[in-house]
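Read the account below with the sequence and the model side by side.

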Protein chains: 2
Amino acid sequence: MAKQNTVFKDAFNRCLTLLAENSALPSEPELGQSLGVSRTTVRAILARCEELDLINWDKRRKTVLRRPEPSDYFPTEETDSLAERIERTFMRRILAGGAEPGMQINELELAREIGTGTTSVREFLIRFSRFGLIEKRPNSHWVLKGFTRDFALELTEVREMFELRSAARFVTLPEDDPAWEELKQIEAVHRDMLADVDNRYTEFSELDERFHLLVHKSSSNRFIVDFYDVIAIVFHYHYQWNKANARQRNARALEEHLDYIAALQSRDPNQVEQACRRHLQSARETLLQSIP
Amino acid sequence: MAKQNTVFKDAFNRCLTLLAENSALPSEPELGQSLGVSRTTVRAILARCEELDLINWDKRRKTVLRRPEPSDYFPTEETDSLAERIERTFMRRILAGGAEPGMQINELELAREIGTGTTSVREFLIRFSRFGLIEKRPNSHWVLKGFTRDFALELTEVREMFELRSAARFVTLPEDDPAWEELKQIEAVHRDMLADVDNRYTEFSELDERFHLLVHKSSSNRFIVDFYDVIAIVFHYHYQWNKANARQRNARALEEHLDYIAALQSRDPNQVEQACRRHLQSARETLLQSIP
DNA sequence: AATCTGTCTATTGTGGATAAAAGACAAAAC
DNA sequence: GTTTTGTCTTTTATCCACAATAGACAGATT
């Protein structure tokens, strides 16, 4: 095999839900636009839809013949890109499995475990190395540096510098900057979630990322924004991994966020700094507690 | 070809200079240690030395037969690793050649220009992307974001945060930390260079990197230290590229460094902050001046 | 007893091949 | 005249093969 056709499969699945809601499909360029793929892929999707008697396709006419059934969809395992699969497998191995710092990482072994070629694994490791968890010995193996206490401290140190600076910048944004509207929406979601926190606390992780990313983006600094990837990935897997007291922890974070949001809306730099520091402080503690 | 044997060639060249100074060579492991290569490579080097009648090699006896001549060395073009060659070509293209922001980067084209396979170019681009000068469009090309004014401003903003923090940390290092000794040596080199600045100002670039890296390292934060790579590469190529007023600029920077070093040695946080800010300010101006 | 060498194996670095996906261009349709 | 489609070309993503390099182990040497 050369390339996995996950782009096609994923877009095909998304096209099916589109197809369920309409009686005809739009033009190829338009479809490509809404699915985020090229016309080549759109045509492959249409061809398959026709083959499955889902649509009748004659040039500009694409009439829907029947509702898609569950069996029409590609299984989700096949729609994830290779990079996502590699990341998941790798993170599971280093976070869940006994992964002592200093352990060697073997490209070939990883590739075999995932069922892929070495090139993809290699490229993943190169990309991943910027997260500071692994390190390359040239002409030799990779070394796992590990998700250690030091790592968490170094990460949060930089995070705090960046977020304080971004938050300070946020209050200087002009009145008509779209960030204020987005902040208002995020605030509303916070209130909804907090009102039904017992059932919805698991959705917090995603909201957390959305909020902090918005703050970081107001720095208008690519290095600060890019660094948020590191934070996001660490917290993402950390939330999946460490579920102790999740409800309580998330409820507290929601309230801290609301304080922080109110401070931003007040445009008062002092209030912002205080609310931001308080939240970062408790986020740091939470992270540190989960490390042995 | 599969792998370029640049490790062998480079180590061989370095072995020749070693050979010029001794009448016999040490054991294989010891040689490997001092050349920084494995025994496999050491044996390949010894085999070649024997073939060229440079040494007589019989198990533990490795007697030098003659001085190496210039023709024995591999030409320097062959000793650079592929990654270095790719980096140089690429930087020349984007700094020197007309490289408008938004330009597309083509892996295959680059590979052909350098005379290498696409895999190596691809891996280089992935590694290089962390410098924030290029960006990937998945399943499509890379986009050059360009060495613009914005780039320089964003870079220096983070640099200033990191360096101020590192410098503040520096003064808290214990008396016996090796950094103090290294600082003293760096200071001496500064004085020497300044005394003969007309002839030696071109050596400043390297010294600059050595000094600032020492400061950044005292942060004990991998993200801060890693970020110095970005600064180093930008300034490295910037120095090569923009030679206008180099003598005067470097002389001024040398003096600022000496102030900064004196401040560090005083252990007075206020003095350090002031000297550091002054120097960073002028470094920023220098960088910005070179951008159209 | 420690170190070195001969030999063998394992792993990385790199080029090349190929399917998937993107994208260009002209003719066709509205 | 604009948008759409049919067709073709270009480029990326991925696998695989093989030489360079690292590294392990046992027997040889001091």
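The unreviewed UniProt entry carries the annotation "domain: GntR C-terminal" for residues 154-282 of chain A; UniProt positions follow the numbering used here, feature names are shortened, and annotations may be inferred rather than shown by experiment. This span is 84% helix and 0% strand, and its end C-alpha atoms lie 16 Å apart. Helices (H or I, at least four residues) and strands (E, at least two) are DSSP runs, numbered from the N terminus.

The model is a predicted one, in which local features need pLDDT of at least 70 and side-chain atom pairs count only at pLDDT 80 or more, while totals for chains, interfaces and linings use all residues. Residues are numbered from 1 along each chain as its sequence is written, and chains are lettered from A and ligands numbered from 1 in the order in which they are written.

Chain A is assigned domain 1 (6-77), domain 2 (82-144) and domain 3 (149-289), with bounds that come from an automatic or database domain assignment. The centres of domain 2 and domain 3 of chain A, taken over C-alpha atoms, are separated by 29 Å. Where these two domains of chain A touch, five residues of domain 2 are in contact with five residues of domain 3; contact requires C-beta atoms, placed from the backbone, within 7 Å. The side of domain 2 of chain A has four nonpolar, one polar and no charged residues there. In these classes, Ala, Val, Leu, Ile, Met, Phe, Trp, Tyr, Cys and Pro count as nonpolar, Asp, Glu, Lys and Arg as charged, and the others, Gly among them, as polar.

How do the two protein chains meet? Their contact takes 18 residues from chain B and 18 residues from chain A. On the chain B side, helix 7, helix 8 (149-170) and helix 12 (222-241) each give two or more residues. Helix 8 of chain B has the largest share, five residues. By class, the chain B side has six nonpolar, four polar and eight charged residues. Chain B superposes on chain A by a rotation of 180° with 0.0 Å of shift along its axis, at an RMSD of 0.1 Å; this is the relation of a two-fold axis. Such copies are superposed by least squares on the C-alpha atoms of residues with pLDDT of at least 70 in both. Because 100% of the interface residues of chain B are also interface residues in chain A, the copies meet through the same surface.

Both chains also contribute residues near the DNA. A residue is near a molecule or strand if its C-beta atom, placed from the backbone, lies within 6 Å of it. Around DNA strand C there are 41 residues, of which Ala2(A), Lys3(A), Thr40(A), Ala2(B) and Gly117(B) come nearest. At least two residues of this surface come from each of helix 1 (6-20), helix 3 (39-51) and helix 5 (107-114) of chain A, and from each of helix 2 (28-35), helix 5 (82-96) and helix 7 of chain B. The surface near DNA strand C has 11 nonpolar, 21 polar and nine charged residues.

DNA strand D is surrounded by 40 residues, the closest being Gly117(A), Ala2(B), Val7(B), Phe8(B) and Thr40(B). Elements that give two or more residues to this surface include helix 2 (28-35) and helix 6 (118-128) of chain A, as well as helix 1 (6-20) and helix 3 (39-51) of chain B. The surface near DNA strand D divides into 10 nonpolar, 21 polar and nine charged residues.

The strands remain. In chain A, strand 1 (residues 55-58) and strand 2 (residues 61-64) pair in the antiparallel sense over four bridges; strands pair if DSSP finds at least two bridges between them. Here Ile55(A) stands opposite Val64(A), and Asn56(A) has Thr63(A) as its bridge partner. Two residues lie between the strands of this hairpin, where Lys59(A) takes a positive phi near 55°.

Chain A also has an open sheet of three strands in the order 3-5-4, with antiparallel pairing. Its edge strands, strand 3 (104-105) and strand 4 (134-136) of chain A, each pair on one side only. Two bridges join strand 3 of chain A to strand 5 (residues 142-144) of chain A, and Ile105(A) has Trp142(A) as its bridge partner. In chain B, three strands likewise form an open antiparallel sheet in the order 3-5-4, and Gln104(B) stands opposite Val143(B) in strand 5 of chain B.
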